[in-house]
Amino acid sequence: MNVNYHKLCIEEINKLDSPKHILLHSCCAPCSSYVISFLSNYFNITILYYNPNIAPQEEYEKRKQEQIKLIKTINTKYKLDFLDCDYENNIYNNLIQGHENALEGGTRCHICFKLRLEKTAQLAKKYNYEYFCSTLTVSPHKNSKIINEIGESISKKYNIKWLYSDFKKNEGFKQSNELSKKYDLYRQDYCGCIFSKQQKNKQEIVN
(Lines give C-alpha, C1' and ligand atoms only; values in the text may rest on other atoms or scores of the structure.)
Protein backbone atom coordinates (compact mmCIF):
# COMPACT_ATOMS: atom_id res chain seq x y z
CA MET A 1 0.00 0.00 0.00
CA ASN A 2 1.31 3.43 -0.93
CA VAL A 3 1.61 5.79 2.03
CA ASN A 4 1.26 9.54 1.60
CA TYR A 5 4.08 10.67 3.87
CA HIS A 6 3.53 14.33 3.08
CA LYS A 7 -0.05 14.00 4.32
CA LEU A 8 1.18 12.32 7.52
CA CYS A 9 3.60 15.21 8.02
CA ILE A 10 0.86 17.82 7.67
CA GLU A 11 -1.43 15.85 9.99
CA GLU A 12 1.27 15.78 12.67
CA ILE A 13 1.98 19.49 12.26
CA ASN A 14 -1.72 20.26 12.63
CA LYS A 15 -1.67 18.55 16.04
CA LEU A 16 0.90 20.98 17.42
CA ASP A 17 -0.40 23.49 19.94
CA SER A 18 2.96 25.28 20.18
CA PRO A 19 6.32 25.16 18.35
CA LYS A 20 8.19 21.97 19.28
CA HIS A 21 11.91 21.26 19.11
CA ILE A 22 13.10 19.11 16.23
CA LEU A 23 16.55 17.78 15.39
CA LEU A 24 16.72 17.90 11.62
CA HIS A 25 19.41 15.88 9.88
CA SER A 26 20.62 17.79 6.83
CA CYS A 27 22.42 16.14 3.93
CA CYS A 28 23.45 19.50 2.45
CA ALA A 29 22.59 23.19 2.37
CA PRO A 30 20.63 23.16 -0.93
CA CYS A 31 18.31 20.35 0.18
CA SER A 32 17.85 21.89 3.61
CA SER A 33 16.91 25.32 2.25
CA TYR A 34 13.31 24.45 1.44
CA VAL A 35 12.90 22.11 4.42
CA ILE A 36 14.07 24.79 6.85
CA SER A 37 11.83 27.35 5.18
CA PHE A 38 8.83 25.02 5.54
CA LEU A 39 9.39 23.50 8.99
CA SER A 40 10.53 26.70 10.69
CA ASN A 41 6.93 27.90 10.61
CA TYR A 42 6.08 25.16 13.12
CA PHE A 43 9.28 24.07 14.90
CA ASN A 44 12.35 25.32 16.67
CA ILE A 45 14.94 23.62 14.47
CA THR A 46 18.44 22.42 15.18
CA ILE A 47 20.27 21.34 12.04
CA LEU A 48 22.44 18.27 12.53
CA TYR A 49 25.21 17.99 9.98
CA TYR A 50 26.16 14.32 10.17
CA ASN A 51 27.25 12.96 6.79
CA PRO A 52 30.17 10.53 7.18
CA ASN A 53 29.49 9.18 3.69
CA ILE A 54 30.83 12.30 1.97
CA ALA A 55 34.27 12.00 0.41
CA PRO A 56 36.85 13.32 0.10
CA GLN A 57 37.03 15.26 3.38
CA GLU A 58 37.65 18.52 1.51
CA GLU A 59 34.24 18.08 -0.12
CA TYR A 60 32.70 17.32 3.26
CA GLU A 61 34.11 20.51 4.76
CA LYS A 62 33.01 22.58 1.78
CA ARG A 63 29.42 21.34 2.09
CA LYS A 64 29.44 21.90 5.85
CA GLN A 65 30.51 25.52 5.42
CA GLU A 66 27.68 26.06 2.94
CA GLN A 67 25.28 24.68 5.52
CA ILE A 68 26.57 27.10 8.15
CA LYS A 69 26.34 29.99 5.67
CA LEU A 70 22.69 29.19 4.97
CA ILE A 71 21.80 28.98 8.66
CA LYS A 72 23.32 32.42 9.22
CA THR A 73 21.41 34.02 6.35
CA ILE A 74 18.01 32.34 5.99
CA ASN A 75 15.05 33.97 7.70
CA THR A 76 12.96 31.78 10.00
CA LYS A 77 9.91 32.31 12.17
CA TYR A 78 11.25 30.26 15.05
CA LYS A 79 14.71 29.48 16.40
CA LEU A 80 17.33 27.88 14.13
CA ASP A 81 20.51 26.32 15.55
CA PHE A 82 23.36 24.15 14.33
CA LEU A 83 24.83 20.94 15.75
CA ASP A 84 28.05 19.64 14.24
CA CYS A 85 29.50 16.12 14.40
CA ASP A 86 32.83 14.43 13.81
CA TYR A 87 33.51 13.31 10.24
CA GLU A 88 33.50 9.53 11.05
CA ASN A 89 34.09 8.46 7.44
CA ASN A 90 35.75 5.29 8.77
CA ILE A 91 32.47 4.18 10.36
CA TYR A 92 30.65 4.60 7.06
CA ASN A 93 33.33 2.72 5.12
CA ASN A 94 33.24 -0.19 7.55
CA LEU A 95 29.47 -0.48 7.40
CA ILE A 96 29.20 -0.54 3.61
CA GLN A 97 31.88 -3.17 3.03
CA GLY A 98 30.58 -5.62 0.45
CA HIS A 99 28.12 -3.06 -0.93
CA GLU A 100 30.61 -0.74 -2.63
CA ASN A 101 29.38 -1.67 -6.10
CA ALA A 102 25.68 -1.55 -5.31
CA LEU A 103 23.69 0.68 -7.63
CA GLU A 104 22.89 4.19 -6.48
CA GLY A 105 19.74 4.01 -4.37
CA GLY A 106 20.37 0.36 -3.44
CA THR A 107 21.66 -1.41 -0.35
CA ARG A 108 24.67 0.85 0.14
CA CYS A 109 22.38 3.87 0.31
CA HIS A 110 19.98 2.12 2.70
CA ILE A 111 22.87 1.43 5.09
CA CYS A 112 23.90 5.06 4.78
CA PHE A 113 20.36 6.31 5.53
CA LYS A 114 20.19 4.14 8.64
CA LEU A 115 23.59 5.31 9.90
CA ARG A 116 22.68 8.98 9.63
CA LEU A 117 19.13 8.68 10.93
CA GLU A 118 20.16 6.55 13.89
CA LYS A 119 22.79 9.10 14.87
CA THR A 120 20.12 11.80 14.66
CA ALA A 121 17.76 9.84 16.89
CA GLN A 122 20.49 9.13 19.43
CA LEU A 123 21.37 12.81 19.73
CA ALA A 124 17.73 13.88 19.72
CA LYS A 125 17.11 11.53 22.63
CA LYS A 126 20.25 12.68 24.45
CA TYR A 127 19.38 16.37 24.19
CA ASN A 128 15.62 16.00 24.77
CA TYR A 129 14.29 16.96 21.36
CA GLU A 130 10.66 16.09 20.76
CA TYR A 131 11.08 15.07 17.09
CA PHE A 132 13.74 14.03 14.64
CA CYS A 133 13.59 14.18 10.85
CA SER A 134 15.77 14.42 7.73
CA THR A 135 15.99 16.57 4.63
CA LEU A 136 16.75 13.47 2.53
CA THR A 137 13.19 13.11 1.21
CA VAL A 138 13.35 16.42 -0.68
CA SER A 139 15.48 14.79 -3.37
CA PRO A 140 13.72 13.09 -6.31
CA HIS A 141 16.66 10.65 -6.33
CA LYS A 142 15.92 9.38 -2.81
CA ASN A 143 13.28 6.76 -1.97
CA SER A 144 10.96 8.40 0.57
CA LYS A 145 9.33 5.09 1.45
CA ILE A 146 12.66 3.53 2.46
CA ILE A 147 13.73 6.62 4.41
CA ASN A 148 10.46 6.84 6.32
CA GLU A 149 10.41 3.13 7.09
CA ILE A 150 13.94 3.40 8.51
CA GLY A 151 12.97 6.51 10.47
CA GLU A 152 9.89 4.80 11.86
CA SER A 153 11.89 1.76 12.98
CA ILE A 154 14.52 3.91 14.69
CA SER A 155 11.77 5.99 16.30
CA LYS A 156 10.43 2.89 18.04
CA LYS A 157 13.93 1.82 19.11
CA TYR A 158 14.72 5.13 20.81
CA ASN A 159 11.18 6.13 21.78
CA ILE A 160 11.30 9.52 20.08
CA LYS A 161 8.92 10.88 17.46
CA TRP A 162 9.89 10.62 13.82
CA LEU A 163 8.36 13.31 11.62
CA TYR A 164 7.23 11.56 8.46
CA SER A 165 7.98 13.52 5.32
CA ASP A 166 8.13 13.63 1.57
CA PHE A 167 9.50 17.12 1.16
CA LYS A 168 9.68 16.86 -2.62
CA LYS A 169 5.87 17.15 -2.68
CA ASN A 170 4.29 20.52 -3.49
CA GLU A 171 7.33 21.40 -5.62
CA GLY A 172 9.65 21.15 -2.63
CA PHE A 173 12.63 20.17 -4.78
CA LYS A 174 11.92 22.99 -7.22
CA GLN A 175 11.71 25.44 -4.36
CA SER A 176 15.00 24.16 -2.94
CA ASN A 177 16.62 24.95 -6.30
CA GLU A 178 15.18 28.46 -6.25
CA LEU A 179 16.30 29.07 -2.67
CA SER A 180 19.76 27.74 -3.49
CA LYS A 181 20.07 30.40 -6.16
CA LYS A 182 18.71 33.05 -3.82
CA TYR A 183 21.30 32.25 -1.15
CA ASP A 184 24.06 31.53 -3.68
CA LEU A 185 24.66 28.00 -2.40
CA TYR A 186 27.20 25.56 -3.77
CA ARG A 187 25.33 22.70 -5.46
CA GLN A 188 27.36 19.49 -5.58
CA ASP A 189 27.19 17.26 -8.68
CA TYR A 190 27.20 13.90 -6.87
CA CYS A 191 25.39 12.58 -3.82
CA GLY A 192 28.34 12.32 -1.50
CA CYS A 193 30.22 9.03 -1.26
CA ILE A 194 33.17 8.20 -3.46
CA PHE A 195 31.19 5.34 -5.00
CA SER A 196 28.38 7.63 -6.17
CA LYS A 197 31.03 9.90 -7.70
CA GLN A 198 32.62 6.96 -9.53
CA GLN A 199 29.24 5.82 -10.87
CA LYS A 200 28.44 9.35 -12.04
CA ASN A 201 31.79 9.58 -13.84
CA LYS A 202 31.20 6.24 -15.57
CA GLN A 203 27.75 7.37 -16.69
CA GLU A 204 29.20 10.58 -18.13
CA ILE A 205 31.72 8.55 -20.13
CA VAL A 206 28.96 6.28 -21.49
CA ASN A 207 26.85 9.27 -22.50
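In this predicted model, the buried residues of helix H3 pack against helix H2, strand E2 and strand E3 (80-84). The largest nonpolar core has 53 residues, and helix H5 gives the most to this core, with eight residues.

**Helix H3**
- The buried residues of H3 are Glu59, Tyr60, Arg63, Lys64, Glu66, Gln67, Ile68, Leu70 and Ile71.
- H3 has 17 residues, which should span 24 Å at 1.5 Å a residue; the C-alpha atoms at its ends are 25 Å apart, in agreement with that value.

**Ser32**
- Ser32 is placed in helix H2 and has a relative accessible area of 0%, so it is buried.
- The side chains of Ser32 and Gln67 are joined by a polar contact of 3.1 Å.
- Beyond its neighbours within four places in sequence, Ser32 is in contact with Ser26, Gln67, Leu70 and Thr135.

**Nonpolar cores**
- In the core of 53 residues, those with the most contacts inside it are Ile22, Leu24, Leu39, Phe43, Ile45, Leu163 and Phe167.
- Elements that each supply at least two residues of this core include helix H1 (5-14), strand E1 (20-25), helix H2 (29-39), strand E2 (43-49), helix H3 (57-73) and helix H5 (107-126).
- Strand E4 (131-134) and helix H6 (144-158) also each supply at least two residues.
- Apart from this core lies another, of five residues, among them Ile54, Ala55, Tyr60 and Tyr87.
- Leaving aside neighbours within four places in sequence, Leu163 is in contact with Cys9, Glu12, Ile22, Leu39, Phe43, Tyr131, Phe132 and Cys133.

How values were computed. Residues are numbered from 1 along each chain as its sequence is written. This is a predicted model: local features need pLDDT of at least 70, side-chain atom pairs count only at pLDDT 80 or more; totals for chains, interfaces and linings use all residues. Side-chain values use heavy atoms; hydrogens and water are left out. A nonpolar core is a set of buried Ala, Val, Leu, Ile, Met, Phe, Trp, Tyr and Cys residues joined through side-chain atoms within 4.5 Å. Buried means under 20% relative accessible area, exposed over 50%, partly exposed in between (1.4 Å probe, protein chains only). Helices (H or I, at least four residues) and strands (E, at least two) are DSSP runs, numbered from the N terminus. Contact means heavy atoms within 4.5 Å. A polar contact is a pair of N or O atoms within 3.5 Å; within protein, one must be able to donate a hydrogen and the other to accept it, and residues adjacent in sequence count only if both atoms are side-chain atoms. The expected span of a helix is 1.5 Å times one less than its number of residues.
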